[in-house]
Amino acid sequence: MFFSKCVISLKFFHPIMLQINTQDYSIVFNNEGFIALNTLLAKNNYSKIFVIVDNITHEHCLNILLQQLETETVIEVIEIETGEENKHIETCLGVWNALSELDGDRKSVVLNLGGGVVTDLGGFVASTFRRGIDYINIPTSLLAMVDASVGGKNGVDLGHLKNQIGVINTPKLVLINTLFLDTLSSVELRSGLAEMLKHGLIKDQKHWQELTALKDLTLNDLDRLIYDSVIIKKTVVELDPLEKKERKTLNFGHTLGHAIESYFLTETSKTRLLHGEAIAIGMILACYISEKQLGFPTNDTEKIKQYLIKIYGKIKFTHKDIAAVIALLKFDKKNEHGNINFVLLKAIAKPQINCLVDNKLIYDAFEYYLK
Ligand SMILES: NC(=O)c1ccc[n+]([C@@H]2O[C@H](COP(=O)([O-])OP(=O)(O)OC[C@H]3O[C@@H](n4cnc5c(N)ncnc54)[C@H](O)[C@@H]3O)[C@@H](O)[C@H]2O)c1
Ligand SMILES: [Zn+2]
């Protein structure tokens, strides 16, 4: 299989010292990231450092971080339960209470050490505690490195509806260290890859081609490709921080992808899909719709479908499932005035936002996916 863990040999760690500066914070890679973190902590003279982890990153990632921290400031660890099902307001309540009981104040800082659930939820908790305290993202999953930790969007789900509650507020620093990926499972790596592929499809054909040409993942490839993917995300976000135009393109594959992810979370008879797995399906469906609506090349739709199904497999959808997924579209955050807004492609790297799509075409797209 494409993602066998053994090919990622972190023993041959080759530090590429890179930094990406956004308008209001830096994303610093590998060992340089720890240096930047220590510098920032010293400079800001925080009253307390709160590290938010989930039970898995507590086990696998916390020691790596603690060994690198050079500070006299008191460090408290707050643990949440792993999983998307815990990305909700009750978990925030627990963390807000912990911050309060552990004497968090306006000069405290939160370090989010985990995947996208920890960075989304921790960013939201920090942005709202005492009307907002500083936070730093230290993503430990591939998905969080290339996507969730960058761009300042944070928040939680409402019931099973994804990301309905939240704010846009940027971190003080993002630290990306591929060392953390050593313990990440291959299915989670695959989930992160979906967002990288999305970056290629909406913005950079070369990135898409390089990713799809990989036979397996070596650390050198991963370091560079993560960097390229983060550059794409950062560029798109900076063009349009408030998501009026360009930033919406990052939603490619997500309109149906989120609905599919939500549906599989609610349906007890279904095995849960990871975010990237749902987005991969959403991207196939969006390519088909793009072909019919905007003339996206048929052979590209087919190549993308073949590739994504090879990596992610094919999921079964009954007619009832499809109807339920379509019904969930009305909760998509990108909807305006009751219209469901799709991001489609005229060609690879030529996205078009605000596309209205007929339900019949969505059914056809599922049929094409299942064929
Ligand atoms: N804010 C944004 O812009 C944005 C963008 C994309 C996705 N997201 C959100 O991100 C979330 C998905 O992120 P995710 O895939 O990282 O999910 P996740 O946080 O649930 O992490 C996936 C799993 O990997 C484990 N894990 C993380 N790092 C590990 C490591 N180094 N070693 C071993 N296990 C590790 C976690 O404990 C978890 O079980 C979704 O909630 C999605 O909505 C947000
Ligand atoms: Zn996503």
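Mentor: Between domain 1 and domain 2 the buried area is about 990 Å², meaning the accessible area (1.4 Å probe) that two parts lose on being put together, summed over both. Carbon and sulfur atoms give 60% of that area. On the domain 1 side, His-160, Leu-161 and Lys-162 lose the most area to domain 2, together 51% of what that side buries.

This is a predicted model, in which local features need pLDDT of at least 70 and side-chain atom pairs count only at pLDDT 80 or more, while totals for chains, interfaces and linings use all residues. Residues are numbered from 1 along each chain as its sequence is written, and side-chain values use heavy atoms, with hydrogens and water left out.

The domains span 5-185 (domain 1) and 252-370 (domain 2), with bounds from an automatic or database domain assignment. Their centres, taken over C-alpha atoms, are 30 Å apart. The contact (heavy atoms within 4.5 Å) takes 9 residues from domain 1 and 12 residues from domain 2.

Across the interface there are 2 salt bridges, each a side-chain nitrogen of Lys or Arg within 4 Å of a carboxyl oxygen of Asp or Glu. Lys-162 forms a salt bridge with Glu-261, with 3.3 Å between the closest N and O atoms. Strand S8 (residues 161-168) gives the most to the domain 1 side, with 4 residues; strands are DSSP runs (E, at least two residues), numbered from the N terminus.

Technical notes: Chains lettered and ligands numbered in written order.
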